[in-house]
Amino acid sequence: MPQVIVNGQITDVVESNLAEFLSARQNAQSSFAVALNETFVPKAEYQNTLLKEGDRIELVSPMQGG
Amino acid sequence: MRKQTMWQLADKEIESRLLIGTALYPSPEIMLESIKASGSQVVTVSLRRQNPMASGGQDFWQMIQSLNLNLLPNTAGCHSVKEAVTTAQMARELFNTNWIKLEVIGDDYNLQPDPFALLEATKELISQGFEVFPYCTDDLVLCEKLVEAGCRILMPWGAPIGTGKGLINPYALKTIRERLKNVTLIVDAGIGAPSHAVEAMQLGYDGVLLNTAIAQANDPEKMATAFKHAMAAGRLAFESGLMPERDMAQPSTPTIGTPFWHQN
């Protein structure tokens, strides 16, 4: 089973693309944005973004800031 | 309190000249009440790795949305152009705004912006349609280069983030104001007391951005009110025109007709 790194954590993936990966882990209401290997992936590109061994996914949410 | 006149911040016309952060408050409720008390219409927000234990930031996000204010996302914690640009792109999608408070840190001791990386990231983000609010030092040449790159707004520091030292180099800030008359200037970081905000406004700065001074006060809501008044006082003082400073004393009470007058 391929492994990717999600927010610094090694994670097994069965899904082939980013859209499937995220829909298995996010509920419909959650607000998030994604970078893959340090490059931003717009929502419209999730379906076309294939995952491969060793990919680094950053999954971010709104947070307090100054 | 006298009503303040509207001013232009990027593409928005707003009244308050105070921009306020959303971090470091004792509780989310105190954050909300403090923001309301400050009268601010622009709040800074950030993005961080999703934490499932903290409901993925959803509670905070709903709270901020309920305020219906302008959002200014930041790139806090970024140390490279690549990190800053990617973070800005994620923020644009997440917060649905092209505004970005661009921070590219060059030194971890004083969290001083890296001027070279900041300029490079600014150019890239402006080419991508962002309204860049660069958090910069008070270096005039850097400020000029940022304006040449297309910035309409600059945010030089008063002092390093979170120090509360106030304006450590008023001369530099004054020079920037004099040299860049048509640029929106906001003092960002280092403000510790309402008197510091007054000082910035008296220099002719268009606004002040702060977080810790309110969030870490014993009574944040009351301090937010104090800053609201300070901003108004400082701006009115600037618009009124301060008297020239003199070295020699000059009596304010007329001397003619002084009783017991002795001609020297």
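## Strand pairing between the chains

In this predicted model, strand β5 (residues 56–64) of chain A and β4(B) run antiparallel and are joined by five bridges. Strands pair if DSSP finds at least two bridges between them; strands (E, at least two residues) and helices (H or I, at least four) are DSSP runs, numbered from the N terminus. Within this pairing, R48(B) of β4(B) is the bridge partner of S61(A).

Residues are numbered from 1 along each chain as its sequence is written, chains are lettered from A and ligands numbered from 1 in the order in which they are written. Local features need pLDDT of at least 70 and side-chain atom pairs pLDDT 80 or more, while totals for chains, interfaces and linings use all residues, and side-chain values use heavy atoms, leaving out hydrogens and water.

## Extent of the interface

Contact (heavy atoms within 4.5 Å) involves 27 residues of chain B and 26 residues of chain A. The two chains bury about 2,200 Å² between them, 56% of it on carbon and sulfur atoms. Buried area is the accessible area (1.4 Å probe) that two parts lose on being put together, summed over both. In chain B, R49(B), Q50(B) and E93(B) lose the most area to chain A, together 30% of what that side buries.

## Salt bridges and contributing elements

Two salt bridges link chain B and chain A, each a side-chain nitrogen of Lys or Arg within 4 Å of a carboxyl oxygen of Asp or Glu. R49(B) forms one with E58(A), with 2.8 Å between the closest N and O atoms.

On the side of chain B that touches chain A, β4 (42–49), α2 (58–67) and α3 (81–95) each give two or more residues. The largest share, seven residues, comes from α3(B).
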